[in-house]
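Subject: Structure handover and findings

Dear colleague,

Please find the structure below, followed by an account of what was found in it. I would be grateful if you could read the two side by side.

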Amino acid sequence: MAKTTRDRLTYLRRRALARWLYRRPLSQLSPERLYLWSQALIETADVPGAVVEIGCASGGTSAHCDQLLRNIGVRKRYVAIDTFNGFVPEQFDHDAERGTPEAVRHGFAASSHGLVRQILRQLGAPDVELIRADIVTMAPEALPPEISAVLVDVDLSQPVHAALRKVWPLMAPGGMVLVDDCDPHTKFRARDGFQRFCADFALPEEYAYGMGVLRRDPAQVSGTHAFA
Ligand SMILES: C[S@@+](CC[C@H](N)C(=O)[O-])C[C@H]1O[C@@H](n2cnc3c(N)ncnc32)[C@H](O)[C@@H]1O
């Protein structure tokens, strides 16, 4: 997404005031959904593999949950993926044609990889790994080879669908995936992407507090879960 003059000014203000603006982790998840994601991390503590957040914005949830893992003695990679530049125009256009309001088009454009790196450092979470990529075009090889828990939080239909197609074959048995914004009444169309993915693989559609939920069968023998 090309930054508008307003995005640029917002970005410069955030960069200059980052020390004061981001003194505490600012998760963009609602409290009940942050609770669900935290619970998923605790439930999958013994499942092998990295934790992945797709769509991390300013890193508030990443810093919070990286600390959660450290507090409970779990040493896992926490990998956070974002464009750090907001929505990809064609992906937004696709949803705008189906009702997503233009007003939210530039919602996350006033950011950068460097700003989020700085925020994570000052929040005491320097080990969170950042990947700058569009999840739709990102090579699957850039993802961790085994994953225990994923938060998909990219709001739009196409990147949600692409994210799920890329992470699902890498999920360890017992792993969990949560997809934000699957509430049928939200302005975002993440639910479309989630439903399309569930239909692709004949998976049951499960929801909790407006999040889509996918669980990898814990009984599955390791190594047999790779299908695309
Ligand atoms: C709702 S915010 C994420 C909030 C974050 N998970 C939190 O809890 O604080 C959505 C993020 O998705 C990112 N995003 C949107 N489309 C994307 C895509 N195709 N690939 C990667 N990131 C994307 C945006 O840049 C934005 O930062």
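In strand β5, M176 is the bridge partner of A149. The model is a predicted one, in which local features require pLDDT of at least 70 and side-chain atom pairs count only at pLDDT 80 or more, while totals for chains, interfaces and linings use all residues. Residues are numbered from 1 along each chain as its sequence is written, and side-chain values use heavy atoms, with hydrogens and water left out.

Strands

Helices (H or I, at least four residues) and strands (E, at least two) are DSSP runs, numbered from the N terminus. Two strands are taken to pair if DSSP finds at least two bridges between them. Strand β4 (residues 147-152) is joined by five bridges to β5 (residues 171-179), and the two run parallel. Five bridges also join β4 to strand β1 (residues 50-54), again in parallel; there, E53 stands opposite L151 of β4. Six of the six residues of β4 are buried, where buried denotes under 20% relative accessible area, exposed over 50%, and partly exposed in between (1.4 Å probe, protein chains only).

Helices

The expected span of a helix is 1.5 Å times one less than its number of residues. Helix α1 (residues 5-21) has 17 residues, yet its end C-alpha atoms are only 21 Å apart, short of the 24 Å that a straight helix would reach. A bend of about 50° occurs in α1 at R15, the bend being the angle between axes fitted to the seven residues ending at a residue and the seven starting there. D7, Y11 and A18 are buried in α1, and the cover over its buried residues includes α5 (113-122); contact here means heavy atoms within 4.5 Å.

Helix α2 (residues 31-43), with 13 residues, reaches 18 Å from its first C-alpha to its last, close to the expected 18 Å. Its buried residues are R33, L34, L36, W37, S38, A40 and L41.

Cysteines

A disulfide is a covalent bond between the sulfur atoms of two cysteines. With the criterion of a pair of cysteine sulfur atoms within 2.5 Å, the count comes to zero disulfides. C65 is in no disulfide, the nearest cysteine sulfur, that of C56, being 12 Å away. C65 is buried, with a relative accessible area of 0%. For C182, the closest cysteine sulfur is in C198, at 8.5 Å, which is too far for a bond. C182 also counts as buried, at 1% relative accessibility.

Loops

R105 is located in the loop between α4 (89-96) and α5. At 14% relative accessibility, R105 counts as buried. Its side chain makes a polar contact of 2.7 Å with the side chain of D93, and another polar contact, also of 2.7 Å, joins the side chains of R105 and E102. A polar contact is a pair of N or O atoms within 3.5 Å; within protein, one must be able to donate a hydrogen and the other to accept it, and residues adjacent in sequence count only if both atoms are side-chain atoms.

L203 lies in the loop between α7 (190-200) and β6 (206-208) and is partly exposed, at 23% relative accessibility. Leaving aside neighbours within four places in sequence, L203 is in contact with W168, F197, C198 and L214.

Yours sincerely
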